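Good morning, colleagues. I would like to take you through one structure, beginning with a strand pairing and then turning to its aromatic residues.

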Amino acid sequence: MSITRKRISPHILWATINRPEARNAIDFDVMDELEQLLNTLENDDEIRVFILSGTGEQSFVAGGDLKKFHTIQSKEKAMEMSRRMHDIFNRIERLSCWTIACINGAAYGGGIELMLAFDFRLSVPDAKFGFTQGRFYLVPGWGGLTRLVEKVGRAKALEWCGKAEVHSANSVLAHGLIEDIVMGKDLESEALEWAEKLTKNDRKFIQTLKQGASRLSSHRKESLEAEIEPFAELWEDAEHMQRVETFMSRKKS
């Protein structure tokens, strides 16, 4: 299993992406299991808080698994993969429960795009954050650019994606990318303490509040969908393919 589940209480479900050999990167199996997990979350009316983390202390999610996704060679297949990830992230956003990304380690590329689909983000003090897609001649393709602009503003989003640098937890907290930094000594207990008051009201209340907060952006759906084709065009570009090949050859040596 690439994702493990733990029912903390009747109202809290904790899931963990468990691919330490790949720094918890997203591959096709993780996509399958996220879809299965969402089926549970959409239909279990007792769950009021859903928390997602990564296994170990190194990585939350290191983005998409380049080794697995490098089999995608065409624009059409890249768009297909992107649309599927958009659907997963949109389903996370629409859940009638609170969602918390518990950042236990580094979050890069698609890992940040994943955490941005959650209502809240908690981080350990030494976590690192990077929109590193630019290093591979890519732009965010899973809705991450739209959501990043929402969180930190246009100029900072363009700077972070353009420079493809890695930032500390304190730095991204100062810009509003994450909600809080916990001590990280007992991550599960600290995250549950932070989330405890969110369990007081049922899913009808949670859904009403979340839907109300979404009315502000009338063109948000179009903005998210508009990310798919430019991402796919760069994906099939020879420059992207070459940079991935170079990266993978370095890892082998």
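**Strands and aromatic rings**

Strand β1 (residues 3-9) pairs with strand β2 (residues 12-17) in the antiparallel sense, over six bridges. Strands here are DSSP runs (E, at least two residues), helices are runs of H or I of at least four residues, and both are numbered from the N terminus; two strands pair if DSSP finds at least two bridges between them. β1 and β2 form a hairpin with two residues between them, and Arg7 stands opposite Leu13 in β2.

A word on the basis: this is a predicted model, in which local features need pLDDT of at least 70, side-chain atom pairs count only at pLDDT 80 or more, and totals for chains, interfaces and linings use all residues. Residues are numbered from 1 along each chain as its sequence is written, and side-chain values use heavy atoms, leaving out hydrogens and water.

Now to the rings. Searching the whole structure gives eight aromatic pairs (ring centres of Phe, Tyr and Trp, for Trp the six-membered ring, within 6.5 Å; planes under 30 degrees apart are stacked, over 60 edge-to-face, the rest tilted). One of them is Phe69 with Trp142, edge-to-face at 6.4 Å centre to centre and 85° between the planes. Phe69 lies in helix α2 (residues 66-69) and Trp142 in the loop between β8 (128-130) and α5 (144-152), 73 residues apart.

Phe89 and Trp142 have ring centres 6.0 Å apart and planes at 80°, so this pair is edge-to-face too. Phe89 belongs to helix α3 (residues 75-94), 53 residues from Trp142.

Which residues form one aromatic cluster? They are Phe28, Phe69, Phe89 and Trp142.
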